Amino acid sequence: GAGVSQSPRYKVAKRGQDVALRCDPISGHVSLFWYQQALGQGPEFLTYFQNEAQLDKSGLPSDRFFAERPEGSVSTLKIQRTQQEDSAVYLCATVAGRASYNEQFFGPGTRLTVL
Amino acid sequence: KNQVEQSPQSLIILEGKNCTLQCNYTVSPFSNLRWYKQDTGRGPVSLTIMTFSENTKSNGRYTATLDADTKQSSLHITASQLSDSASYICVVSGNTDKLIFGTGTRLQVFP
């Protein structure tokens, strides 16, 4: 595809439910980032992959959050036992090379609402 | 703690007017500074990227400046259009691959 795609675009979950959010990167992009964006705030880093390797997961807020990228392409962010404070937009971004020097291309995000 | 602060938090201007958004950062070491535009319901889109040695960069009606000594940047929008209504986010990169985002300035342009 032409850009980063994410699915679903919107997800409503009941508190305690597990959810899985998908990111399809731009073909060939090595680096993939997940961010959490609360309403009216800037994105906050969650985790980072280079190919299939998860190099940094220091931003994951709790052990209920888990991300994977098993084949170095599509990535899934999973949230177990969702809580109301997990409500946010989850953004995926991919980079052709080193993220610190190259442009990050963002997907449209998944808006998660936990009731 | 590495931080990126933006001002104002929100701004309303009339179509055709100019405006300037501010960004102060404490990220060190510094690699580059970016400005992103985020339309409602969409992901951020890059406007400019500036490294330590660059002090100005333009992208159409958008002009970003950088003063690495004072750790300040500004984004100037000339002859605003209704489509400029969005959040503008200042993002700083240090010596890691992790980007540090500001909270954004929400700009509304009215006819």
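Predicted model: local features only at pLDDT ≥ 70, side-chain atom pairs only at ≥ 80, totals over all residues.
I'll start with the interface. On the chain A side, 24 residues are in contact with 21 residues of chain B. Put together, the two chains bury about 1600 Å² between them. Of that area, 49% is on carbon and sulfur atoms.

How many salt bridges does the rule find across the interface of chain A and chain B? It finds 1. The partners are A:Asp56 and B:Lys98, and their closest N and O atoms are 3.5 Å apart. For scale, the cut-off for a salt bridge is 4 Å. As for polar contacts, there are 4 residue pairs between chain A and chain B, counting pairs with both residues at pLDDT 80 or more.

Which strands of chain A each supply at least two residues of the side that touches chain B? Those are strand 4, residues 31–37, and strand 5, residues 44–50. If you sort that side of chain A by class, you get 10 nonpolar residues, 10 polar and 4 charged.

Next, the sheet. Chain A has an open sheet of 4 strands, in the order 1-3-8-7, and the pairing is antiparallel. At the edges are strand 1, residues 5–7, and strand 7, residues 65–68; each of these pairs on one side only. From one strand to the next, the twist averages 15 degrees.

Inside that order, look at strand 3 and strand 8 of chain A. Strand 3 covers residues 19–24 and strand 8 covers residues 75–79; they run antiparallel and are joined by 5 bridges. If you want a place to look on screen, find A:Arg22, which stands opposite A:Thr76 of strand 8.

Last, the backbone details. In chain A, the peptide bond from A:Ser7 to A:Pro8 is cis, with omega near -5 degrees. A:Pro8 sits in the loop between strand 1 and strand 2, the latter being residues 10–13.

Chain B has a cis peptide bond from B:Ser28 to B:Pro29, again with omega near -5 degrees. Where is B:Pro29? It is in the loop between strand 3, residues 19–25, and strand 4, residues 32–38, of chain B.

One more residue, back in chain A. A:Asn51 is not a glycine, yet it has a positive phi of about 55 degrees. A:Asn51 lies in the loop that runs between strand 5 and strand 6, residues 53–56.

That's what I have.

Technical notes:
Residues numbered from 1 in each chain as written. Chains lettered and ligands numbered in written order. Heavy atoms only, no water. Contact = heavy atoms within 4.5 Å. Buried area = accessible area lost by both parts, 1.4 Å probe. Salt bridge = Lys/Arg side-chain N within 4 Å of Asp/Glu carboxyl O. Polar contact = N/O pair within 3.5 Å; in protein donor to acceptor, adjacent residues only side chain to side chain. Nonpolar A, V, L, I, M, F, W, Y, C, P; charged D, E, K, R; others polar. Pairing = 2+ DSSP bridges. Axes fitted to C-alpha atoms, helices over the stretch in contact; angles between N-to-C directions.
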